[in-house]
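Please prepare a briefing on the side-chain packing, aromatic pairs and salt bridges of the structure shown below.

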Amino acid sequence: MEIGSSKIYHDLPNVICERSSSLIDLPAQKNAEDLSKKKEFKDFVQSLLPEGDKDEIDTQLRKGFLLTQKRQRKIAKQGKKKDNQLHGIQHRGKKRLSGREKRELGLHKVNKNNKTFEMFLPINDMWRSYSKDLLGIEHYIKSGWKGGYNDSRTETIQNKLRRIEYFGCLVRVTKSRCSEFVGTTGIIIKETKNTFVMISPDDRVKTIPKLHSEFSFVVQHIGFSISGNHLHQRSVERAKNNFKKLQLWL
């Protein structure tokens, strides 16, 4: 607003205009210097482009390219994830086989035709070394341990026994509801929640149920006898529970 030839106000500094525009989301005030620079840039672009593309210069110059602002990462909401699952949209991560797919491919099956007892003797040697280091029987024997139920060292060995991986262990079935399995000796080649799959010295592969069976094995000349009911778990889950009424001596 002007009265005569004099102004009744003064223009705000450019710094204040730029800060206020960023705070209240308004376009910054354009001064004569910015306009002249924009005109020079437009003339420069027109001198380089062919005649057919000059009409699009104004449209392209109106676009804003914010190079200084970081793009915010979009976090998928829980509802969107459920919608993707309903519509069959899979996650882009690594695809893993489901339990049904593993069963259909036969990954859980043990081929009984191409295995011999001698093939698993080196694995049994490794298991004996593994159990020796884990249980430390020699240390307890030197300290006077005799396997008494009231001895605290017996409980310590029991807690170590429940963490043992029995793959490769040479065991003998001493009790079972099925009389056919009693006396069976072999190396365990697979363990599931409910069964032991073992190969006998005559190269026969047998599946022994854990429930209502008793398994015996030897570690450093010390015999252990464990009820299969106490092993009715996967080897990963056994570390969470303690054995009850565990018989250590044969």
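**Briefing: packing and side-chain pairs**

Of the 250 residues in the chain, 24% are buried, where buried means under 20% relative accessible area, exposed over 50%, and partly exposed in between (1.4 Å probe, protein chains only). This is a predicted model, in which local features need pLDDT of at least 70 and side-chain atom pairs count only at pLDDT 80 or more, while totals for chains, interfaces and linings use all residues. Residues are numbered from 1 along each chain as its sequence is written, and side-chain values use heavy atoms, with hydrogens and water left out.

**Overall layout**

- The chain has eight helices and eight strands; these are DSSP runs numbered from the N terminus, with helices being H or I of at least four residues and strands E of at least two.
- Among contacts (heavy atoms within 4.5 Å) between residues at least 6 apart in sequence, 49% join residues at least 24 apart.

**Helix H8**

- Helix H8 spans residues 152–161, and its buried residues are Thr-154, Ile-157, Gln-158 and Leu-161.
- Seen down the axis of H8, these buried residues fall within an arc of 105°, so they line one face of the helix; the arc is that of the directions from the helix axis to the C-beta atoms.
- Ser-152 and Glu-155 are exposed and sit on the face of H8 turned away from the buried side.
- The packing partners of the buried H8 residues are helix H6 (121–135), helix H7 (137–142), strand E7 (213–219) and strand E8 (222–227).

**Nonpolar cores**

- A nonpolar core is a set of buried Ala, Val, Leu, Ile, Met, Phe, Trp, Tyr and Cys residues joined through side-chain atoms within 4.5 Å.
- The largest such core has 24 residues, and Leu-161, Tyr-166, Phe-217 and Phe-224 have the most contacts inside it.
- Two or more residues of this core come from each of H6, H7, H8, strand E3 (170–176), strand E5 (195–199), E7 and E8.
- Another core, of seven residues, lies apart from it and includes Phe-120, Ile-189, Val-197 and Ile-199.
- In soluble globular proteins, nonpolar side chains tend to be buried together.

**Aromatic pairs**

- Rings of Phe, Tyr and Trp (its six-membered ring) pair if their centres lie within 6.5 Å; planes under 30 degrees apart count as stacked, over 60 as edge-to-face and the rest as tilted.
- By this rule there are five aromatic pairs.
- Trp-127 and Phe-217 have ring centres 5.9 Å apart and planes at 85°, so the pair is edge-to-face.
- Trp-127 is in helix H6 and Phe-217 in strand E7, so this pair ties together parts that are 90 residues apart in sequence.
- Both Trp-127 and Phe-217 are buried.
- Phe-217 also pairs with Phe-224: the ring centres are 5.7 Å apart and the planes at 25°, so the pair is stacked.
- Phe-224 is buried, as is Phe-217.
- One aromatic cluster is formed by Trp-127, Tyr-166, Phe-196, Phe-215, Phe-217 and Phe-224.
- Lys-210 lies over the face of Phe-196, at 4.9 Å from the ring centre; a charge sits over a ring if NZ of Lys or CZ of Arg is within 6 Å of the ring centre and within 35 degrees of the ring normal.

**Salt bridges**

- The structure holds four salt bridges, each a side-chain nitrogen of Lys or Arg within 4 Å of a carboxyl oxygen of Asp or Glu.
- Asp-125 and Arg-128 form one of them, with the closest N and O atoms 2.4 Å apart.
- These two residues are three apart in helix H6, so about one helical turn separates Asp-125 from Arg-128.
- Asp-125 is partly exposed at 40% relative accessible area, and Arg-128 is partly exposed at 47%.
- Lys-175 and Glu-214 form a salt bridge at 4.0 Å, N to O.
- Lys-175 lies in strand E3 and Glu-214 in strand E7, so the pair ties together parts that are 39 residues apart in sequence.
- Glu-214 counts as buried, with 13% relative accessibility.
- Arg-234 and Glu-237 form a salt bridge at 3.0 Å, N to O.
- Glu-237 is partly exposed at 26% relative accessibility.

**Arg-234**

- Arg-234 is found in the segment after E8 and is partly exposed, with a relative accessible area of 48%.
- The C-alpha atoms of Arg-234 and Glu-165 are 9.8 Å apart, and the two residues are 69 residues apart along the chain.
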